[in-house]
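Me: I would like to learn how to read a structure feature by feature, with the general idea given before the particular case. Could we go through this one together?

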Amino acid sequence: MAKILLSWLAYDNDFLPKERGLKLYTVNEEESPNYNLHLFHWKFDRHIILLAEDTDETKLKGEILELKLLHIKPQRSIEMLPMHIRDIIDMEEIYAKVRSLLSGLLREGHEISLFITPGTMAMQISWFLCHWGSLSHQMWQLRPRRYSEGGKPEFIKVEILQSQVPIAIWLSEIKKNSSNFLFTPTLKKVFDLAKKVAKTEVSVLIQGESGTGKEHLAATIHNNSSRKYKKMITVNCSALSDQLLESRLFGYKKGAFTGADTDRDGFFKEADQSTLFLDEIGDISPALQQSLLRVLQNGEIIPIGATEPIKVDVRIIAATHRNLLQMCSEDKFRWDLYYRLSVVELEIPPLRERGEEEIETLMDHFIEEFKITEALNLSPETRKYLKTYRYRGNVRELENLISGLYARFADENKLITLEDLPKRMSILKDDLSDSLANATKKHIIQVFEKNDRKIKPTARALDITPITLKKHLDKYGLRNDPNEEED
């Protein structure tokens with residue numbers, strides 16, 4: 001275990017301004033916090049100095065400061081570590097990256113101290129946020145020489161007392177949602193919870209039928225998390241064979257198997273510092289379940305053909321259309337893996353369970369979205385049928401249906417009837433016809449009995465002619481009584 005000090009490179013305070021006529025950057029020995037720390041208060045094994053930006057100027061400053069510090073004590077361990085910060089005042093990005101770095105060092109068992117003096121305000125606050133989440137860190141700041149007695153800068157330990165009252169800190173940027181995704185009332189509840197969960201680092205299990213939008217929900221979690229600055233990696237577990245999926249997930253070394261002509265990083269390595277979305281997780285084999293459990297427990301992967309594990313910092317979002325609880329009870333899925341994946345469970349209900357109003361809202365949304373000149377003209381019968389259709393393919397099926405109708409009839413400006421719907425829907429159209437017939441029969445019988453089995457009053461109540469009513473009653477076998485009256 002090593003005593004490691006983490007600090008930022010102080011772009012301004014660590015160096016004298018170039019406008020003083022200096023040809024090269026020069027360390028400001030009077031004001032530089034990193035330099036004065038080494039000169040007067042060094043008591044650590046390693047010093048990791050974080051370079052926020054990835055520019056040639058930053059690298060040059062890092063090299064100059066490192067040479068200056070090694071001049072004090074050549075044997076000291078000093079490391080310049082680029083953090084690739086895109087915006088040095090974006091606290092969410094900074095916090096995410098330093099937290100990930102700290103998590104890795106703590107897993108290795110090191111004693112961590114944070115030097116909070118150098119850096120922008122956002123960088124300094126990020127140290128406090130990391131410290132708040134784990135009081136095992138020590139924090140230090142340096143009082144400059146001009147404010148200290150005896151000309152020696154004072155090295156001060158910063159103490160934070162934690163209240164017994166639980167406090168939650170949420171870090172978020174408010175940004176306008178530019179997506180044209182329609183949040184119906186049912187979906188809004190799910191997506192609002194997803195955005196809240198996104199601010200944490202827990203694993204998420206998304207359950208829902210095919211076509212309900214599980215990948216879109218996973219992307220929403222990623223894009224609202226502190227990992228959004230790196231691309232989310234998506235893997236469809238059901239689309240790859242067991243052996244191929246293992247090699248793609250964990251990577252492999254050259255010569256590990258036939259065709260492995262070079263080293264290749266897997267999806268876990270590509271998703272380091274980001275999110276890995278494992279779609280159809282219920283389809284993976286027991287062997288892969290064990291391998292995935294090891295990653296979730298230890299944060300390590302072992303590429304095929306390798307002997308040494310590799311640390312990765314990956315957030316897992318898994319999704320499935322299967323009932324994992326039932327699979328666990330049938331010993332088809334590991335309970336321990338299920339509990340690791342389902343720290344938070346989100347469920348997207350199928351479209352048929354969201355009610356006719358939401359279906360119609362989505363239908364109108366897609367009609368407007370795909371419109372080129374004129375919108376689709378659906379007959380009342382067709383619109384009513386589409387609101388009651390079961391949509392086995394869920395929202396994706398509805399979207400594709402509207403898109404297909406535009407492709408076929410956009411130029412004809414015709415009234416879309418039931419006959420224009422795809423043939424795959426014909427069976428359900430027959431089912432609907434049967435249902436309507438049964439409902440009609442039940443209603444006529446109820447009104448007939450309510451009117452004492454009299455023809456004319458029943459016909460008036462049903463708003464049909466007596467002749468039409470008699471035809472229905474004959475079909476139902478209800479006019480065998482010779483005493484039935486027509487008046």
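Me: Is I281 buried or exposed, and where does it lie?
Reply: This is a predicted model, and within it I281 has a relative accessibility of 0%, so it counts as buried, the cut-off being under 20%. I281 belongs to the loop between β9 (275-279) and α9 (286-298). Its C-alpha atom is separated by 5.6 Å from that of T320, although the two residues are 39 apart along the chain.

Me: How should I read the packing of α1 and α2?
Reply: Two packed helices are described by the angle between their axes and by the distance between those axes. Helix α1 (residues 33-40) and α2 pack at an angle of about 10°, and their axes are 10 Å apart. Angles under 35 degrees count as roughly parallel, and α1 and α2 are therefore roughly parallel to each other. Their crossing is right-handed.

Me: What are the angle and the distance for α12 and α14?
Reply: The axes of helix α12 (residues 356-369) and helix α14 (residues 394-409) cross at roughly 40° and come within 9 Å. On that angle α12 and α14 are therefore oblique to each other, and the crossing of α12 and α14 is right-handed.

Me: How many salt bridges does the structure hold, and what is the general idea behind them?
Reply: Side chains of opposite charge can pair when their charged atoms come close. The structure holds 23 salt bridges. One of them joins K253 and D263, with the closest N and O atoms 3.3 Å apart. Both K253 and D263 are in the loop between α7 (242-250) and α8 (267-270), ten residues apart. K253 counts as partly exposed because its relative accessibility is 34%, and D263, at 44%, counts as partly exposed as well.

Me: Which parts of the chain does the salt bridge between E360 and K387 tie together?
Reply: The closest N and O atoms of E360 and K387 are 3.7 Å apart.

Me: Which residues other than glycine have a positive phi here, and where are they?
Reply: Most residues other than glycine have a negative phi. Among the residues with a positive value is D331, whose phi is near 60°. D331 lies in the loop between α10 and α11 (335-341), and because its relative accessibility is 70%, D331 counts as exposed. Another is D452, which has a positive phi of about 55° although it is not a glycine. D452 is placed in the loop between α15 (426-450) and α16 (455-462), and at 58% relative accessibility D452 counts as exposed.

Me: Which residues form the nonpolar patch on the surface that includes L325?
Reply: L325 forms that patch together with W335 and Y339, and the three have about 330 Å² of accessible area together. L325 is part of helix α10 (residues 324-329), and its relative accessibility of 45% means that L325 counts as partly exposed.

Notes: Residues numbered from 1 in each chain as written. Predicted model: local features only at pLDDT ≥ 70, side-chain atom pairs only at ≥ 80, totals over all residues. Heavy atoms only, no water. Patch = residues over 30% accessible without salt bridge, like charges linked within 9 Å, V, L, I, M, F, W, Y side chains within 5 Å. Areas by Shrake-Rupley, 256 points an atom, 1.4 Å probe, with all protein chains shown as cover. Salt bridge = Lys/Arg side-chain N within 4 Å of Asp/Glu carboxyl O. Helix = DSSP H or I, 4+ residues; strand = E, 2+ residues; numbered from the N terminus. Buried < 20%, exposed > 50% of the residue type's maximum accessible area, 1.4 Å probe, protein only. Axes fitted to C-alpha atoms, helices over the stretch in contact; angles between N-to-C directions. Parallel < 35°, antiparallel > 145°, perpendicular 65-115°, else oblique. Left-handed = near helix turned anticlockwise from the far one by under 90°.
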